[in-house]
Amino acid sequence: NSQTPGNLLQVFFTNVRPPKKVLEDQLTQILRKYGVSKPKFDKNKYSKAGKEQHPMKIVSTKRPVGKPPAKEKSVLNSVRTALSEKKPTVKPKSPEKSKPEEKETEKSPSKKQEIPEEKYLTLEGFQRFVVDRAKQDIRSIWRAILACGYDLHFERCACIDTRHAQKACKKWTLEMDVALVQYINRLCRHLAITPARLHPHEVYLDSADAADPRVSCLLNIPIESLRLRFALLQSLNTTLETFFLPLVELRQTEMYKHSIASLLQEVKGLIFYDTKVIVLNRMLNATVQRTADHAAPEITLDPLEIVGGEIRCSENSYFCQAARQLDSVPSSQLCVKLASGGDPTYAFNIRFTGEEVHGTSGSFRHFLWQVCKELQSSSLSLLLLCPSSAVNKNKGKYILTPSPITYAEEQLLHFFGQLLGIAIRADVPLPLDLLPSFWKMLVEEPLDPDVDICEADVLTHSYIQKFANVNDETELEALCAEIASQHLAAESPDSPNKPCCKFTYLTITGEEIELCSRGQHIPVVWENKDLYATAIQNLRLRELQNRDCMTAVQAGLSSIIPLQLLTTLTPLEMELRTCGLPYINLEFLKAHTMYQVGLMETDQHIEYFWSSLELFTQEELCKFIKFACNQERIPFTCPCKDGGPDTAHVPPYPMKIAPPDGAAGSPDSRYIRVETCMFMIKLPQYSSLDIMLDKLRYAIHYREDPLSG
């Protein structure tokens, strides 16, 4: 009976049947092949009272009334589905024509009427059917098992009882939901799929996840409750993506605290990263201002100004050269559609003086890479290495230089914001290493005084904590004496031999300033030591916020992409969308590789190629990617994962491997060549793995022409 609650057989057979086949026909065929006939009923052995006659005792054939077995046991131990074979349909005949047949029946009373044979499906027959069906279509068996509420490990993965599901959902908090969404985002990045394609049975926490503090609040949650919550969030994100977010005004306003944009910003942790990116990309394509009939702006750069990698003057850098030439170009001409396919459209074209470069992609990507290298060097003063890097924390991370800016610096910061937007539209991850505080200010999230100061300047954070944790005046004197030994304190005016601290402190750039009016004349004593610690904390927060510089960057970014699109993005997601991941996923790269001119993945030298890359460090992999397509970082997502083989890829994907030009000479004596615009590697048929390793390392370390490979 399909109406029986928990009838898993009906669910199983519904999902295992072919899509165009009626369920009754499917069950009839199964019973004919795998079913057993019902035992014949012998009336002579039973009396009218339903008692079996024995010479010595009477045994009742009626079953005792007891509790029904569990649903799972009843399904697996006794399958009592009985379906009669279909009776042949007979057209009604007239009463007159039916009389001869009645006479024939009377003449042959010994002829028995045919009774449709009843068959039952036992557990053994069910198992034989599943095995045979799995040999034909294993996916249908897995689909049926999942529909019954079990995962591929045959563990319960869904709540069958609605009341139990509602009770489990009441225990969830916003913090748990945000932790689950972050875990799903990381899992989907690892699997290279979107959350929409992730089945709830694939969500589980293993022993490696138990050590992650980000999912500590999910460790005691039952697995069926975890998967049910993911299914709910999956449905919510589908609705937001297809219906809700495209109709919402996302502009953030301080005046209307209860606007939809403000409410969305409070719960943006419930939205999957891929959902936000899909909506963001649609908006970017809808705000294109330069059409195909308009020629792209072109700038000319002189590579001789940066020969040897050293820039003699900041004005000669690629960054300043491009800023001067694009200053007269309207920002609307830089708003192009998202890059896709083999010949993407970029915001502007680049021509190098004295060089002939075929194609625009390679030179554009090389320009962005060189600009990021200049920004994170001493040639430009827009970014500053964070003080924590001096003690090996957040080494190589940068912040905006916290100092008053001139008009020329403001224009450069505006261009820096434009480059961030241009990179987003071009889908070229920028190799920038900026602290999370920068991305927080960019998406207008408040800074955390403890976390962000500790990330940027761990010594100042420790200094503040020492003053905050002082318990009495004796400890304060000892602390001032310790600071005096480090030449950071002066003597107290009341007690010349007693060291004390003044209301002054060093800025991030190394200048000593007063924390309040006449601060250099105010000593730190027990009564004002908390005010002193708070003043230092506020100083560092103002430097990290850096309102003037950040306003200029936001103004440049808003001229390329609408800033309201950042309302739903977290700081980490904004960094991922702009800068990508700082490592190369070799499996993802291998899945997005094409083999041309008769080459196959199983060829010997192709296997040597991938084996060599697997032996590379992440630094060597980044150099290989830079050698092959002129960018150190490549996107970690691609639209092809959600579409068919004809779906357009995100540039520079797919990577192409082709044979070398010409056939002169021994393959082992030839070198690897690339076409950076097409991300094509022309690979000779090297005879061994060692030769392949040597040639690859030579190519990535001793390349001379970054544009032609």
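Biologist: Where does Lys 695 lie relative to Tyr 671?

Modeller: A charge sits over a ring if NZ of Lys or CZ of Arg is within 6 Å of the ring centre and within 35 degrees of the ring normal. Here, Lys 695 lies over the face of Tyr 671, 4.3 Å from the ring centre. Likewise, the charged end of Lys 626 sits over the ring of Trp 369, at 4.2 Å from its centre. This is a predicted model, where local features need pLDDT of at least 70 and side-chain atom pairs count only at pLDDT 80 or more, while totals for chains, interfaces and linings use all residues. Residues are numbered from 1 along each chain as its sequence is written, and side-chain values use heavy atoms, leaving out hydrogens and water.

Biologist: Thanks! How many aromatic pairs are there?

Modeller: Rings of Phe, Tyr and Trp (its six-membered ring) pair if their centres lie within 6.5 Å; planes under 30 degrees apart are stacked, over 60 edge-to-face, and the rest tilted. That rule gives 21 aromatic pairs. Take Phe 348 and Phe 367: their ring centres are 5.7 Å apart and their planes at 80°, so the pair is edge-to-face.

Biologist: Are Phe 348 and Phe 367 buried or exposed?

Modeller: Both are buried (under 20% relative accessible area; exposed is over 50%, partly exposed in between, with a 1.4 Å probe and protein chains only).

Biologist: And which residues form a cluster through ring pairs?

Modeller: Phe 12, Phe 13, Tyr 34, Phe 126 and Phe 129 are linked that way.
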